[in-house]
Amino acid sequence: MNSIFVYCELTEEKNIADVSLELCSKGRKLANQLNVPLEAIVIGDVDENIARQVSPYGVDVIHFAKDNRLFPYQTLPHAAIVIELLKNEQPQIVIYGATPIGRDLAPRVASALRCGLTADCTELAIGSHIEPKSQKEYKNLLLQIRPAFGGNIIATIINPETRPQMATVREGVMKKEIISNSYNSKISKIDTEKILKPEHFILQTIERHVEPQKINIKNANIIVSGGYGMGSKENFQLLYELANILGAEVGASRAAVDAGFAEPERQIGQTGVTVRPKLYIACGISGAVQHRAGMAESSTIISINTDPKAPINEIADYVIIGDVNSVIPKMIKFYKQNVK
Amino acid sequence: MSFKIVVLAKQVPDTANVTQDAMKEDGTVNRAALPVIFNPEDLHALEMALRVKDKIKDSEVILLTMGPVRANEIIREALFHGADKGYLLTDRRFAGSDTLATSYALSMAIKKLWPVNLIFTGRQAIDGDTAQVGPQTAEKLGIPQITYAEELIDVDTSSITIKRRLDRGIEIIKSTLPCLITVNHSSPRCRFRNAKLVMKYKKATSMSELQDRNEDYYDLFESKPYLKIDEWGVEDINADIKWLGLSGSPTKVKKIENVVFKAKENLVLADNDNDIDKLMKTLINSHIIG
């Protein structure tokens, strides 16, 4: 039976990216449901032991291309390898991270293979579909579930006729789960010399600056998050103070990021990071659907807002009606007073 | 004109400002209740194209869009900002196209405009947020792509150098031409409308708009040909209907649902010492903080 493939990307530090491991875990579950093998694609200049980082997540075959020209990622050579591989292997499903790399690569591949691609999925499942007109039944389709229309609705997308069925999946929405540290993956080496041609390297990288990851919103236990209601970048300083004493990270809504109050890496929501912390303190965030989708699963939610009707209040455990500039100093004061 | 720059743009519903009125009972969106706008990142793409035009002599910026006749509004808008010409792909047989079918139609239209030196488009449109049409169009044209472009570093008649945004940094990439570039919202905003251009192009119109208004167009287009917005259908771009519309779209929508969040029973507190003190005590005692 035709396999499920996961395109695995490398981090700047040349490890397999978290999002790819998350997708391997999801891919494993889908593969079990369909009773087919799970296969990964690893392309870069790394050694086999790095490629093997995916094994514990239940990958049966690792298609591995090693070539010094393949890191950092570039569209044309990576696309050429993936297209060639998918043509030969004919998988039924291929998933990619909805990252700058996955979102650059997957559409290029989909266009070449003339297959369907759904961007930014937040859930994948296997299911059947009956075409209303013809009453034709399709079994074991990949149900690609994603927010649509600016996040105001959730759509389930299918590719009834074309293969492979492809999707990109948001980082942080699937859980990383180790099957066994001794899971046995077979390595299948890709002969890059046969595929790569000079025209794949017409883009020249002139400069590259990559900063080490400083902000780690995804794994924070406590998040103090600010919205447009914070009013200014200076007022955001208050959030850093509170975050500092609570041992928290500072997050932001899209509106706050767009207004320049915080760095894009801090953005929480459908177009940012999805988080599930122990405590989420939403400061001056009205709570558009897109924002709530990225934090609604936090265990405890506090909303500080001057507007009692702010949508975020509906999903909050505690709602403090008031101005953040007055409430947060009080929180800091009473935290210091009460903590031992 | 020897150097051709095409900007792919889309008129989109303003999904960032969806009000309750725009949501139907069944959770679907009432498109008619939403105002339409020039897709924000496509305006950034237009700006980058205009900056290329500023640098290269004898270059022209052509706006290409696909949609209903109403989408001519964004062509006029682009002319007011400095574009030279606009084409609207409009045909009932384009309707229902997913990103693959859309990129096919756009690539066929671009081939009709060929030789084209540069293509700019927004990273993604706010109604679908897929970011797929740019790369798919590049693939169909067999040209390289640079996605997430943030700054035009340099351009000449044979190459372009672009700074692009990465997750945690930037990359400066040089490409030969032709090349397709998708522009990120972190790039410079579009310049303002130019008053002279607004005067010049205020009456820019397509044939079907004039027919709708029962106006005579022969005289107008004869004396001022630059006011004509060209409309192209399937035959004009030599497209095969097999690859267009619903039949050319491998993705199908199976189901649409409203976004539902579990409402919680919440404790409402006031901004006073007593309430905040109690809250911090509760959080500390339940080991959520501290």
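Buried area is the accessible area, taken with a 1.4 Å probe, that two parts lose on being put together, summed over both. By that count, chain A and chain B of this predicted model bury about 7000 Å² between them. Carbon and sulfur atoms give 58% of that area. The contact takes in 85 residues of chain A and 80 residues of chain B. Within chain A, the domain assignment gives two parts, and about 630 Å² is buried between domain 1 and domain 2.

- Polar contacts link 38 residue pairs between chain A and chain B, counting pairs with both residues at pLDDT 80 or more.
- Helix α9 of chain A, residues 324-338, gives the most to the side that touches chain B.
- That helix supplies eight residues to this side.
- By class, the chain A side of the contact has 41 nonpolar residues, 25 polar residues and 19 charged residues.

**Strands that pair across the chains**

- A:V319 has B:V268 as its bridge partner in β14 of chain B.

**Two domains in chain A**

- Domain 1 runs over residues 4-201 of chain A, and domain 2 over residues 222-338.
- Their centres, taken over C-alpha atoms, are separated by 34 Å.
- Eight residues of domain 1 and nine residues of domain 2 take part in the contact between them.
- Of the area buried between the two domains, carbon and sulfur atoms give 33%.
- Zero salt bridges are found across this domain interface.
- Polar contacts between the domains number three residue pairs, with both residues at pLDDT 80 or more.

**Salt bridges over the structure**

- The structure holds 41 salt bridges over all chains.
- One of the salt bridges in chain A joins A:D45 and A:K14, with the closest N and O atoms 2.8 Å apart.
- This pair links distant parts of the chain, as A:D45 and A:K14 are 31 residues apart.
- A:K14 sits in the loop between β1 (4-8) and α1 (18-34) of chain A.
- A:D45 sits in the loop between β2 (38-44) and α2 (48-51) of chain A.

**Backbone points to look at**

- Most peptide bonds are trans, and most residues other than glycine have a negative phi.
- The peptide bond from A:F71 to A:P72 is cis, with omega near -5°.
- A:P72 belongs to the loop between β3 (61-66) and α3 (75-89) of chain A.
- The peptide bond from A:R163 to A:P164 is also cis, with omega near -5°.
- A:P164 belongs to the loop between β8 (153-158) and β9 (165-169) of chain A.
- A:D120 has a positive phi, near 60°, and is a residue other than glycine.
- A:D120 lies in strand β5 of chain A, residues 117-121.

How values were computed. Residues numbered from 1 in each chain as written. Chains lettered and ligands numbered in written order. Predicted model: local features only at pLDDT ≥ 70, side-chain atom pairs only at ≥ 80, totals over all residues. Heavy atoms only, no water. Contact = heavy atoms within 4.5 Å. Polar contact = N/O pair within 3.5 Å; in protein donor to acceptor, adjacent residues only side chain to side chain. Helix = DSSP H or I, 4+ residues; strand = E, 2+ residues; numbered from the N terminus. Nonpolar A, V, L, I, M, F, W, Y, C, P; charged D, E, K, R; others polar. Pairing = 2+ DSSP bridges. Domains from an automatic or database assignment. Salt bridge = Lys/Arg side-chain N within 4 Å of Asp/Glu carboxyl O.
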